[in-house]
Amino acid sequence: MYFTAWPALITQVVLLASCLGAGPVSAQTAPPQPPETETAQPPPVIRAPSVPAQPPANQYSPNELIDAGHHFFGGVSRGLATIVEKAVSQWGQPNGYILGEEAGGAFVGGLRYGDGTLYTKNAGDVRVYWQGPTLGFDAGADGARTMMLVYNLPRTEAIFERFGGIEGSAYFVGGFGMTALTSNDIVVVPIRSGVGLRLGANLGYLKFTERPTWNPF
């Protein structure tokens, strides 16, 4: 009787031992991950400090123009400085200027004659003469020292053209007057100061020549 119970008992012991030996299933440990490598960042871009654009070497700065006008007109004038700054703000820095004298007169129709020297930085100086008619509501006579700013002049010979007035370009301050003339993309801005008075809105032109002439046309 006792021997017949042993097999069942042994079986139960074996089952119990196997359960105790297996134990709870332990969670498997994940294999160690390699350390994350930092993404290589591009080096910071170092920008060079901005350098203000320099005007071309053949152009005249406002200070150079005012200084030339000071010596030419014989005195320091706030009106001249204001006129020059007005011209530079509207047309930029010229690459030439003319200093000269002119005389003119008008009664409805008039004439103007002058002569002077065209100054440039890289093409030498040239003697020039100018003459031209004026038409419109204009009366008076004047004799004036004249400074003309010249823009977009490709070569000195290009000044010998007929320049027509730009409408609405007249500007007056401090005893100085400024108008503007143009031909083939060249702009000439006469700045005048002198005795006499010319009143009115006149339409006309100036013709520049290499030699003096009485023919304004």
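The legends below describe close-up views of a predicted model.

**View 1. The largest nonpolar core and the elements that build it.** In this predicted model, the largest nonpolar core has 21 residues, and those with the most contacts inside it are Leu65, Tyr97, Met147, Leu149, Tyr151, Val189 and Ile191. At least two residues of this core come from each of helix 2 (62-73), helix 3 (78-91), strand 1 (96-119), strand 2 (126-151), strand 5 (176-178) and strand 7 (186-196). Helix 3 gives the most to this core, with 5 residues. Apart from this core lies another, of 17 residues, which includes Leu118, Ala158, Leu181 and Phe208.

**View 2. The surroundings of isoleucine 191.** Isoleucine 191 is one of the residues with the most contacts inside the largest nonpolar core. When residues up to four places away in sequence are not counted, isoleucine 191 touches Phe73, Leu80, Ile83, Val84, Arg145, Thr146, Met147, Leu149, Phe176, Gly177 and Met178. Among these contacts, Met147 and Leu149 are also listed with the residues that have the most contacts inside the core.

**View 3. The salt bridge between lysine 121 and glutamate 64.** This pair is one of the 5 salt bridges that the structure holds, and its closest N and O atoms are 3.1 Å apart. Because lysine 121 lies in the loop between strand 1 and strand 2, whereas glutamate 64 lies in helix 2, the pair ties together parts that are 57 residues apart in sequence. Lysine 121 counts as partly exposed, at 37% relative accessibility, and glutamate 64 likewise counts as partly exposed, at 34%.

**View 4. The buried salt bridge between arginine 192 and glutamate 102.** The closest N and O atoms of arginine 192 and glutamate 102 are 2.2 Å apart in this salt bridge. Since arginine 192 belongs to strand 7 and glutamate 102 to strand 1, the pair ties together parts that are 90 residues apart in sequence. Both arginine 192 and glutamate 102 are buried.

View 5. Aspartate 115 and arginine 127 form a salt bridge in which the closest N and O atoms are 2.6 Å apart. With aspartate 115 in strand 1 and arginine 127 in strand 2, the pair ties together parts that are 12 residues apart in sequence. Aspartate 115 is partly exposed, with a relative accessible area of 29%, and arginine 127 is also partly exposed, with a relative accessible area of 42%.

Notes:
Residues numbered from 1 in each chain as written. Predicted model: local features only at pLDDT ≥ 70, side-chain atom pairs only at ≥ 80, totals over all residues. Heavy atoms only, no water. Core = buried A, V, L, I, M, F, W, Y, C linked by side-chain atoms within 4.5 Å. Buried < 20%, exposed > 50% of the residue type's maximum accessible area, 1.4 Å probe, protein only. Helix = DSSP H or I, 4+ residues; strand = E, 2+ residues; numbered from the N terminus. Contact = heavy atoms within 4.5 Å. Salt bridge = Lys/Arg side-chain N within 4 Å of Asp/Glu carboxyl O.
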